[in-house]
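The sequence and the model are shown first, and selected regions are then described in turn.

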Amino acid sequence: MTVELNQSPADLFEKYQAENVGISYTGLIYNLDVGYGTTNLYNPDKNRFIELSPNFNNRDFTISTPRSTFDVTNGIGTVSIAFTGTGYNTGAYNNYVGAIPFAKNTIGATIPGIGTDSPSKLTVEMWLKINALEGVVNASSYNESGGMLFSFSVYDVWTGDNTINGTLGFNAFDATTVGITKEKVQSLMLQGNWHHYVFVMTPFVSNDEIYVKNKIYIDSYDQGSLVNNRGVGYGNSNNRNFANGFFTLNGVDFLGNYKLEMDVGLVRIYNRELTSEEVTQNYN
């Protein structure tokens, strides 16, 4: 895919679809891609995501300054933006939205067409490498807390606090992770390696239903029924909502809280649940 600078969003999306025919586009509402291949890049500095979805005319996201070096991964041929989770940018803004100092390496987006409880499902798909599951403690983060891969306000995917650190699952401001255990995280070798993640999220799902209505796929494999890593009845279904589409990648806010050391190459968001066949198709 040869992409030149300053092409229109419509042209970029058309070319992306033409060369990525195996991807499911139905319900795709957000498609942040840092680069396709190691030679035909969207921009020569490799320092920003490009939004490649049917919502290209409604792009509304903020990108803070990435670090100056980037990794070219041999596994999937993607130039990745690395999120260090440290430091702040208080200088001049470059394509920023807002007037507050953003924690470095955070992306915030107001995704068009998502209400607090609509649609009935969202699917978040990512290619990323988690370098440290423990997270980076900044600002008002709790000591020894884990980090959040992404967040819809308080509805997020978290690696746990100091007592359940190293897990991976859904959190709704309830101090637990409903997902996979630390032992499974270790057996899948998630830390330090590139993997394909798919998270299916249901709004206002009950404490009983979340174990089967939410799903986690890793490298196209459904991880099965989820578990409560706290082991007790934490949970508040009212906190499980999509925050009118406000999405933060790497952390819960712009203040440096709950960040992970991770590299990100791709983030897609669908306004529906992907089938297992579609997950495999996208992974391949």
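Why does Asp161 count as buried? The model is a predicted one, and in it Asp161 has a relative accessibility of 16%. Buried means under 20% relative accessible area, so Asp161 counts as buried.

**Asp161 and its partners**

Asp161 is found in the loop that lies between β11 (155–158) and β12 (168–172). Its side chain takes part in a polar contact of 2.9 Å with the side chain of Thr163. The side chain of Asp161 also makes a polar contact with the side chain of Arg230, at 2.7 Å.

**Strand β14**

Strand β14 comprises residues 194–201 and is mostly covered, with eight of its eight residues buried. Trp194, His196, Val198 and Val200 point one way from the strand, while His195, Tyr197, Phe199 and Met201 point the other way.

Strand β14 runs antiparallel to strand β15 (residues 215–218), and four bridges join the two. Within this pairing, Val198 stands opposite Tyr217 in β15.

**Strand β1**

Strand β1 (residues 28–33) is likewise described as mostly covered: six of its six residues are buried. Five bridges pair β1 with strand β19 (residues 259–270) in the antiparallel sense. Leu28 has Tyr270 of β19 opposite it.

**Helix α4**

Helix α4 spans residues 276–283, and its buried residues include Glu278, Val279 and Asn282. When the helix is seen down its axis, the buried residues of α4 fall within an arc of 105°, so they line one face of the helix. As a general principle, an α-helix has 3.6 residues a turn, so residues three or four places apart point the same way.

In soluble globular proteins, nonpolar side chains tend to be buried together. The largest nonpolar core of this model contains 41 residues, and those with the most contacts inside it are Leu149, Phe150, Phe152, Phe199 and Ile269. Strand β9 (residues 122–136) gives the most to this core, contributing six residues.

Leaving aside residues up to four places away in sequence, Phe152 touches a set of residues that includes Ile111, Leu122, Val124, Met201, Phe242, Phe247 and Ile269. Asn241 is also among the residues that Phe152 touches. A second, separate core has 16 residues, among them Leu52, Trp194, Val198 and Tyr217.

Definitions and conventions:
Residues numbered from 1 in each chain as written. Predicted model: local features only at pLDDT ≥ 70, side-chain atom pairs only at ≥ 80, totals over all residues. Heavy atoms only, no water. Buried < 20%, exposed > 50% of the residue type's maximum accessible area, 1.4 Å probe, protein only. Polar contact = N/O pair within 3.5 Å; in protein donor to acceptor, adjacent residues only side chain to side chain. Pairing = 2+ DSSP bridges. Arc of directions from axis to C-beta. Core = buried A, V, L, I, M, F, W, Y, C linked by side-chain atoms within 4.5 Å. Contact = heavy atoms within 4.5 Å.
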